[in-house]
Amino acid sequence: MSSTLPKDLIRPEVESLPTYNAGLALDRFKDIYGIDCLAKLDSNESPLGPSPRAILAMQNAAKGVGRYPDAANMALRQQVAKATSSTADHIIFGNGSEDLIGALFRTVIRPNDKVVTICPSFGLHEFGAMMFGATVTKVPFNDDWSFPIKGLCAALKDKPRVLIFSSPSNPAGPVISQDEFRQVIAATDPSTLICFDEAYVEFIEPDKQFDAMALLQNSGRPWIVLRTFSKAYGLAGVRIGYGIASDAKMITALMKTRNPFGVNALAASAASEAMADHAHLAKVVKQATVERERIAAALTAKGFTCAPSQANFVFFDTGAPADVLAEKLRTKGVLIKAWLEAPYKTWARVTMGSPAENDIFLNAL
Ligand SMILES: Cc1ncc(COP(=O)(O)O)c(C=O)c1O
């Protein structure tokens, strides 16, 4: 069929964006490769799934889905407020934290604005901003995979509209230290919004954890911290995440740019129960942290270089174009994520699945 689209209908910023490098769903995998996926290790999902309490909550909530959910997500916001010593007017929920990243850029970015992030980075931190005409400066990690504090501080001199990065970093895995984070905050101009993405915060070893929100709160800078239920809480399929911001005014603005009913009733009920099930979370974190040590050691023994991970995945240099290796692994029923961002195109990210799935990956490799 020939295209009926006028030549200039799609904004050039959108047309030039790459397609999001999403993981492959299990049913699509079977359609394409004709075999069952034996180890789905491409999207940093939890092999233990959600808390059984969250599943029960969704079953109960299913009876009420004839009604719209609470667009304000007030019960959830109050629950998070209690757990984080914040207040509901500083908290927002979204259809996954990626929904909030989108809302954030829609809210603050004007064409030609500057945004600073790190490299390699979670794709939406870069492309979400480019979508609105921003110029994104990506500061590469140091060679030893420590956070590039010097480079970030230098880039922040340009007073970008937004500084956005995750710690632990996706896809690399390292975590910023308290002292480093202090330096970055101090180098940030008060006109720059700091977006600190804590999608993998639950997996950080106790001796590397610190209260980032407390540091931000005392900084006098505008900030937002993002968290998700897709990773440690095992709820990727229902799409729910949240943000806590320095200003209630920021939350009011994000509520306008977010999809009003983006948080569906099943997701809301599941998140509430998942947050309350500390035992399930502890089990997930224990397994992922034990496995990341084991798999990193096994990869190192096979001669691969690994970045030090504090998340539920390991980033490693395959020594050749990673997409070729990832494709070969797919034919053996193993899904990992080949990184497509220069200069990391020989690197791949493998999620910590169950011990059995991780063994299948190692054997296939
Ligand atoms: C760093 C980071 N932030 C945000 C997200 C988005 O998570 P979700 O939209 O599932 O909450 C991801 C997902 O992979 C991520 O890795």
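I started with the sheet: 7 strands make an open, mixed sheet in the order β2-β8-β7-β6-β5-β3-β4. Strands here are DSSP runs of E with at least two residues, helices are H or I runs of at least four, and both are numbered from the N terminus. Two strands pair if DSSP finds at least two bridges between them. β2 (91-94) and β4 (135-140) are the edges; each has a single partner strand, so one side of each lacks a neighbour in the sheet.

A note on the source: this is a predicted model, where local features need pLDDT of at least 70, side-chain atom pairs count only at pLDDT 80 or more, and totals for chains, interfaces and linings use all residues. Residues are numbered from 1 along each chain as its sequence is written, and side-chain values use heavy atoms, leaving out hydrogens and water.

Then I picked a loop residue. Phe203 lies between β6 (193-197) and α9 (212-217). Is Phe203 buried or exposed? Phe203 is buried, at 1% relative accessible area (buried means under 20%, exposed over 50%, partly exposed in between, with a 1.4 Å probe and protein chains only). Leaving out residues up to four places away in sequence, Phe203 touches several others, including Lys231, Val284 and Arg292 (contact means heavy atoms within 4.5 Å).
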